[in-house]
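Please examine the protein shown below before reading on.

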Amino acid sequence: MDIDKIRSEFPILGRQLYKRPLVYLDNTATSQTPDRVVKAIVDGYTTTKANVHRGVHTLSQEATELQENARRRVKEWINAGSTSEIVFTRGTTEALNLVVSSMGWMVLSEGDEIILTVMEHHANIVPWQLLQQRIGFKINVVPIDECGQLKLDVYRSLFNERTRLVSVCHASNVLGTVNPVKEMIAEAHSHGVPVVIDGAQAAPHIKIDVSDLDADFYTFSAHKMYGPTGVGVLYGKEKWLEKMPPYQGGGEMIASVSFEKTTFADLPYKFEAGTPDFIGISALSKAIDFMDELGVDNIAAHEHELLDYTTRRMMDEIPGVRIFGTAPGKCAIISFLVGDIHHYDMGMLLDKLGIAVRTGHHCAQPLMHALGVEGVVRASFAAYNTKSECDDFIAGLKRVTAILS
Ligand code: PMP
């Protein structure tokens with residue numbers, strides 16, 4: 001990969017912070033956005049802004065075409081069976097809430113059970129708990145081993161005749177662990193149980209093939225994969241989406257409305273009430289172009305090189321470092337602590353050196369609890385990061401550690 005060429009598409013990477021070059025290692029929270037995506041947004045506002053689906057006029061038709069092209073692009077990108085299976089949302093959080101509210105209500109009753117894992121992001125825990133309060137089902141949790149891998153024997157043992165659903169992340173936003181979701185889905189299906197995959201951390205690093213995975217639902221956010229903020233995708237198998245009731249009511253999601261009876265639009269519009277972020281949605285297709293041109297496998301290989309290099313140097317050169325998540329083949333995420341230095345102090349001082357890392361519980365408090373910590377520092381890599389940034393990070397860590405120890 002030609003990293004200089006890649007970086008030239010990201011003007012933000014040329015920024016200085018405290019008179020030092022920005023070293024952006026907070027890619028797990030959100031990645032930066034290449035010029036072509038920004039340009040698509042600007043073009044949308046300056047040349048084709050008109051509400052989708054409603055108009056006969058040219059601008060509206062062009063805007064609709066851009067949005068529907070993006071849907072086709074996403075469908076191909078994740079190898080879905082049909083564009084009916086691609087629902088645009090505000091992000092992974094909304095996509096998961098949609099599934100919980102619509103599908104959860106439909107399949108769960110008091111006394112039923114669902115399976116989550118201890119490494120889930122709050123977005124894949126709290127919506128289930130909100131529904132749990134209203135219905136009264138049980139949430140079973142798959143634990144992890146010392147590397148941060150799911151204990152699959154426990155997972156298998158949790159299925160019984162009351163198990164109705166599994167919801168699991170493809171990759172952990174803290175440990176980087178890539179879960180064997182294909183195997184997990186096959187196991188669930190052998191019990192007749194559907195599976196929801198939170199793909200927020202997989203979509204930027206792994207080629208997603210929902211048909212090969214046989215996932216019932218798959219969710220991800222554009223802003224973590226070089227795309228715009230405020231746009232996400234819910235893939236759902238048509239057989240499920242057809243049966244599920246709408247999530248929100250409003251314009252665009254109906255076939256006809258009267259005070260006596262309302263009927264709903266066909267898929268996927270039944271789940272897209274109101275005006276979507278059609279400009280952001282069309283810009284998502286440019287983010288996919290960006291990843292496609294580079295090749296997801298090449299992006300992942302580059303990130304892994306940085307991950308291995310940085311991990312090795314941290315282990316060799318930073319006394320007292322503890323890395324959380326050492327599963328083979330993990331995503332390029334390093335969550336760590338050094339001695340008894342508080343994660344927040346570490347992050348604050350690294351920032352003063354121009355190095356952006358994230359600190360805290362990373363919306364994964366149950367996982368923090370399982371790891372026996374309150375929070376960790378997290379450095380994470382993307383296609384545009386360089387080895388020299390990893391060196392800056394190591395130098396920064398040494399300096400901050402010396403100050404805080
Ligand atoms: N799941 C995981 C694993 C995540 O990392 C995130 C974002 N941190 C989310 C869900 C929520 O994504 P969003 O905030 O884009 O809705």
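Predicted model: local features only at pLDDT ≥ 70, side-chain atom pairs only at ≥ 80, totals over all residues.

Residues are numbered from 1 along each chain as its sequence is written, and side-chain values use heavy atoms, with hydrogens and water left out.

The protein contains 14 helices and 17 strands; these are DSSP runs, with helices (H or I) of at least four residues and strands (E) of at least two, numbered from the N terminus. Its C-alpha atoms fill a box of roughly 70 × 55 × 35 Å along the principal axes. The radius of gyration is 22 Å, which agrees with the value near 22 Å for a compact globule of 405 residues; the radius is taken over C-alpha atoms, and the globule rule is 2.2 Å times the number of residues to the power 0.38.

Of the 405 residues, 56% are buried, meaning under 20% relative accessible area with a 1.4 Å probe, protein chains only. In soluble globular proteins, nonpolar side chains tend to be buried together. The largest nonpolar core here has 76 residues, and those with the most contacts inside it include Val74, Tyr155 and Leu284. Such a core is a set of buried Ala, Val, Leu, Ile, Met, Phe, Trp, Tyr and Cys residues joined through side-chain atoms within 4.5 Å. Helix α10 (residues 278-294) gives the most to this core, with 8 residues. A second, separate core of 27 residues includes Leu306, Phe336, Leu350 and Cys390.

Key: Buried < 20%, exposed > 50% of the residue type's maximum accessible area, 1.4 Å probe, protein only.
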